[in-house]
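Q: Hi! I'd like to walk through this structure with you. Could you take my questions as they come?
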Amino acid sequence: MRIVSLLPSATEICFGLGLGEQVVGVTHECDFPPEALAKPKLTRTTLPESLQTGPGRSGSIDRHVRANVHAGSSLYALDSELLERLEPDLIITQELCAVCAVSYDIVAGAAKRLRSDPRVISLEPASLEDVFGTIETVADICGVAERAPAVLANLRSRVAALRTTTSVLYHPRTLLLEWPDPPMNAGHWIPDIIELAGGKPVLANAGGNSQKLEWDAIAETDPDVVFVAPCGYDLPAARDAIRELDVYPAWRALRAVRERRVFAVDGNAYVSRPGPRLVESAEILARALHGDALARV
């Protein structure tokens, strides 16, 4: 089977199932495992380069994204000619988020024109358990269903160990921002990760889309800990986002900010990518939330 993965999470799932050799094309954002970087890239961003760096870029990106999505434009371009040359049997994509990957309609339309007549599947996880389900789905569709139990057993064992460890610790009220300007809360599987890490998610939307937050609501909640993990941002960019937040008096007044309990997280790798590394994400958040207490349990 020749597989095209148009999702970084699906690429990680395929490689985790030992299907790396069969992956013939990926997105420009598929950077893990390192072997994925050598695969042909089928997408590129249409986000202007001027918006990708510099101060205040979070607000500029948000305005650009909202305007283009409202106008029906995709934020990603698909190389249809390369897709045809790759002759895939299977294309893995998503319909969950209009700004996280190339539009499903674009993918479906391109697939219909291919001589290889590929199957197109859409992965739509809304929780950590759903993510585990997508691993089984990909394994089954790719004819390697027997490989999924071992992968899932390892992940579930780590989940159980972490849950046991954090269950006896104080669970601080935890706010995770998926975007800084405007501030947006944790959606879908992210509240599951916070709970697993030993935190109590606040102003979150478990199982649903990330939503815009008002500064008054954030100030009233006054969380114990804040994670800033902007979707698509690596760790240096997440640190820049925290500096951008300093312009808001309500942000500076938060107890977590005053007491230096704000953490930057690589949102691109560890928060907004629903793949096998979400368990590692929970382990990372747990170390931030509990520090030395985690080691003493």
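Q: Great, what am I looking at, and how many helices and strands does the protein chain have?
A: This is a predicted model. Its protein chain comes to 14 helices and 14 strands.

Q: What share of the residues counts as buried?
A: Of the 297 residues in the protein chain, 51% are buried. The accessible surface is about 13,600 Å², and 50% of that belongs to carbon and sulfur atoms.

Q: And the contacts, what percentage join residues at least 24 apart?
A: That would be 68%, counted among contacts in the protein chain between residues at least 6 apart in sequence.

Q: Let's go inside. Which residues have the most contacts in the largest nonpolar core?
A: Those are Ile-3, Ile-92, Val-138 and Leu-176, in a core of 51 residues. At least two residues each come from helices H1 (8-16), H5 (128-141), H6 (148-166), H7 (190-196) and H13 (278-290), and from strands S5 (90-93) and S13 (225-228). H5 gives the largest share, with seven residues.

Q: What does Ile-92 touch, leaving aside its neighbours within four places in sequence?
A: Ile-92 contacts Ile-3, Val-4, Ser-5, Leu-6, Leu-7, Ala-10, Cys-14, Ile-121, Leu-123 and Val-138. Apart from this core lies another one of 21 residues, including Val-202, Ile-218, Tyr-233 and Ala-241.

Q: How far apart are the C-alpha atoms of Ile-141 and Leu-90?
A: They are separated by 8.9 Å, while the two residues sit 51 residues apart along the chain.

Q: Switching to H1: is it mostly covered or mostly open?
A: H1 is mostly covered, with eight of its nine residues buried. The buried ones are Pro-8, Ser-9, Ala-10, Thr-11, Glu-12, Ile-13, Cys-14 and Phe-15. Their cover includes strands S1 (3-5) and S2 (23-25), along with S5 and H5.

Q: What happens just after H1?
A: Gly-18 takes a positive phi there, about 75°.

Q: You listed Glu-12 as buried. Which side chain makes a polar contact with Glu-12?
A: The side chain of Arg-277 does, at 2.7 Å. Arg-277 sits in the loop between helix H12 (267-270) and H13.

Q: Is Arg-277 buried or exposed?
A: Buried, because its relative accessibility is 10%. Besides Glu-12, Arg-277 touches Phe-32, Ala-269 and Tyr-270, not counting residues up to four places away in sequence.

Q: Which residues line the second largest cavity?
A: Its lining is made of Leu-176, Ile-190, Ile-193, Tyr-270, Val-271, Leu-278 and Leu-285. H7 and H13 are the elements that give two or more residues to that lining.

Conventions: Residues are numbered from 1 along each chain as its sequence is written. This is a predicted model: local features need pLDDT of at least 70, side-chain atom pairs count only at pLDDT 80 or more; totals for chains, interfaces and linings use all residues. Side-chain values use heavy atoms; hydrogens and water are left out. Helices (H or I, at least four residues) and strands (E, at least two) are DSSP runs, numbered from the N terminus. Buried means under 20% relative accessible area, exposed over 50%, partly exposed in between (1.4 Å probe, protein chains only). Contact means heavy atoms within 4.5 Å. Accessible areas come from the Shrake-Rupley method with a 1.4 Å probe; for residues, only the protein chains shown count as cover. A nonpolar core is a set of buried Ala, Val, Leu, Ile, Met, Phe, Trp, Tyr and Cys residues joined through side-chain atoms within 4.5 Å. A polar contact is a pair of N or O atoms within 3.5 Å; within protein, one must be able to donate a hydrogen and the other to accept it, and residues adjacent in sequence count only if both atoms are side-chain atoms. On a 1 Å grid over the protein atoms alone, a cavity is a set of points where a 1.4 Å probe fits but cannot get out, and a pocket is an open set with protein on both sides within 12 Å along at least five of seven lines; lining residues have an atom within 4 Å of a point.
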